[in-house]
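Thanks for coming, everyone. Please bring up the model and keep it open while I talk.

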Amino acid sequence: MAKLSTEQLLDAFKELTLIELSEFVKAFEETFDVTAAAPVAVAAAGAPAGAAPEEAEEKDSFDVVLEAAGDKKIQVIKVVRELTSLGLGEAKAVVDGAPKAVLEGANKETAEKAQAALQEAGATVTLK
């Protein structure tokens, strides 16, 4: 296989749907035994250690659901882009399609940070 440049790879990724890109990231992580969100995972690893065992067993995976964008829709779109690395059109579609999950299967710390960021931008958010 010929070596692809970074620009060629990015062009290929731009053509993928969000679901296809998510599946690629999972396959990449499994193949190379890495995690795309390593800095977040390291920071979150310390949190459960200090938590009570009952809390860790209750729920370790959260969905951040955008219920409504509020008055500052543009700010909410910017925050969604930061949290998900989506393009402008895809982030706008998420915000316009509310209620919609912004993050799925996130750890508690990541979910709470995402919720706080979205609420600060003016959105209504719930954790599930």
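Let's start with two helices. Helix 5 passes helix 7 in a right-handed crossing. Handedness here is by view: left-handed if the near helix is turned anticlockwise from the far one by less than a right angle, right-handed if clockwise. Helices (H or I, at least four residues) and strands (E, at least two) are DSSP runs, numbered from the N terminus.

A word on the source. This is a predicted model, where local features need pLDDT of at least 70, side-chain atom pairs count only at pLDDT 80 or more, and totals for chains, interfaces and linings use all residues. Residues are numbered from 1 along each chain as its sequence is written, and side-chain values use heavy atoms, with hydrogens and water left out.

Back to the pair. The axes of helix 5 and helix 7 come within 9 Å and cross at roughly 160°. That makes helix 5 roughly antiparallel to helix 7. Angles under 35 degrees count as roughly parallel, over 145 as roughly antiparallel, 65 to 115 as roughly perpendicular and the rest as oblique. The axes are lines fitted to C-alpha atoms, for helices over the stretch in contact, and angles run from 0 to 180 degrees between N-to-C directions.

Which residues in helix 5 and helix 7 meet? From helix 5, Val76, Val79, Val80 and Leu83; from helix 7, Ala114, Ala117 and Leu118. Contact means heavy atoms within 4.5 Å.

Lysine 113 is also in helix 7. Buried means under 20% relative accessible area, exposed over 50%, partly exposed in between (1.4 Å probe, protein chains only). Serine 85 sits in the loop between helix 5 and helix 6. Its phi is near 60°, a positive value in a residue other than glycine.

Now the core. A nonpolar core is a set of buried Ala, Val, Leu, Ile, Met, Phe, Trp, Tyr and Cys residues joined through side-chain atoms within 4.5 Å. The largest one has 21 residues, and those touching the most other members are Val64, Leu66, Val76, Val80, Val95, Val102 and Leu118. Strand 1, helix 5, helix 6, strand 2 and helix 7 each give two or more residues. Helix 5 gives the most, with four. Leaving out residues up to four places away in sequence, valine 95 touches Leu66, Ala69, Lys73, Val76, Ile77 and Val80.

Last, the aromatics. There are three aromatic pairs. Rings of Phe, Tyr and Trp (its six-membered ring) pair if their centres lie within 6.5 Å; planes under 30 degrees apart count as stacked, over 60 as edge-to-face and the rest as tilted. Phenylalanine 13 and phenylalanine 24 are tilted, with ring centres 5.0 Å apart and planes at 50°. Phenylalanine 13 is in helix 1 and phenylalanine 24 in helix 2, so the pair ties together parts eleven residues apart in sequence. Phenylalanine 24 also forms a tilted pair with phenylalanine 28, at 6.0 Å and 40°. Phe13, Phe24, Phe28 and Phe32 form one aromatic cluster.
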